[in-house]
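Colleague: I'm new to reading protein models. Could you walk me through a few features, one at a time?

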Amino acid sequence: MSSLDLSRNLSLFTVPAAFLLSLLPHLYAVSSAGFNIYDNSYPRAYRDTLMRDTSVPKARKQRILRAEAASLNGLETIGLFAASVLAGNYARLDAATLNHLSIGYLLLRVAYTLAYVLVQNRRLSWLRTAIWQVTGIYMALFWIKAGNKLLQDQAPDAT
């Protein structure tokens, strides 16, 4: 069995992994709601159908809706994440930096999703927001590091 070689650039593999991570909360929500509520032939009616269904307890409905929101958030941010990974690769950042930022982003997305779905208390919901802000910092760091590397590579020789 081979181990994960973090000395090699794995960052491009994290983009489809991020996409799959974005789909997991949706799959959880659909399975929690049941296929009597989720109609794949008309998926956009799912939220309204769930809200009208009186057999689903309120706490479960809220958890399902939070899972859907976490899924949508992942899909809304994956474009910027993918572009960030490409910018880092274009600038030829070292493998350690690319892996740290891209794998770190994935781990933060897992933490964000868990916080979004499981935290019900409004006073603790700041945790989700804090994690989301750190994921934004990770994406910004790709661009900052890539920009600095490109500037450095373009600098005229002092010789």
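Predicted model: local features only at pLDDT ≥ 70, side-chain atom pairs only at ≥ 80, totals over all residues.

Colleague: How much space lies in the largest pocket?

Modeller: About 240 Å³.

Colleague: And which elements give two or more residues to the lining of that largest pocket?

Modeller: Those are helix H1 (11–33), helix H2 (46–52) and helix H3 (58–90). H3 gives the most, with six residues. Among the lining residues you'll find Leu23, His26, Tyr46, Arg47 and Glu68. Sorted by class, the lining has six nonpolar, two polar and two charged residues.

Colleague: Next, the helix pair. How do H1 and H4 lie relative to each other, parallel or perpendicular?

Modeller: Start with the angle between the axes: under 35 degrees counts as roughly parallel. The axes of H1 and helix H4 (residues 95–118) cross at roughly 5° and come within 9 Å, so the two helices are roughly parallel to each other.

Colleague: Which residues meet there, in H1 and in H4?

Modeller: On the H1 side they include Ala17, Leu21 and Tyr28, and on the H4 side Leu98, Ile103 and Val110 are among them. The contact of H1 with H4 has eleven nonpolar, five polar and no charged residues.

How values were computed: Residues numbered from 1 in each chain as written. Heavy atoms only, no water. 1 Å grid on protein atoms, 1.4 Å probe; cavity = no way out; pocket = protein on both sides within 12 Å on 5 of 7 lines; lining within 4 Å. Points joined across faces, edges and corners; volume = space filled by probe spheres on them. Helix = DSSP H or I, 4+ residues; strand = E, 2+ residues; numbered from the N terminus. Nonpolar A, V, L, I, M, F, W, Y, C, P; charged D, E, K, R; others polar. Axes fitted to C-alpha atoms, helices over the stretch in contact; angles between N-to-C directions. Parallel < 35°, antiparallel > 145°, perpendicular 65-115°, else oblique. Contact = heavy atoms within 4.5 Å.
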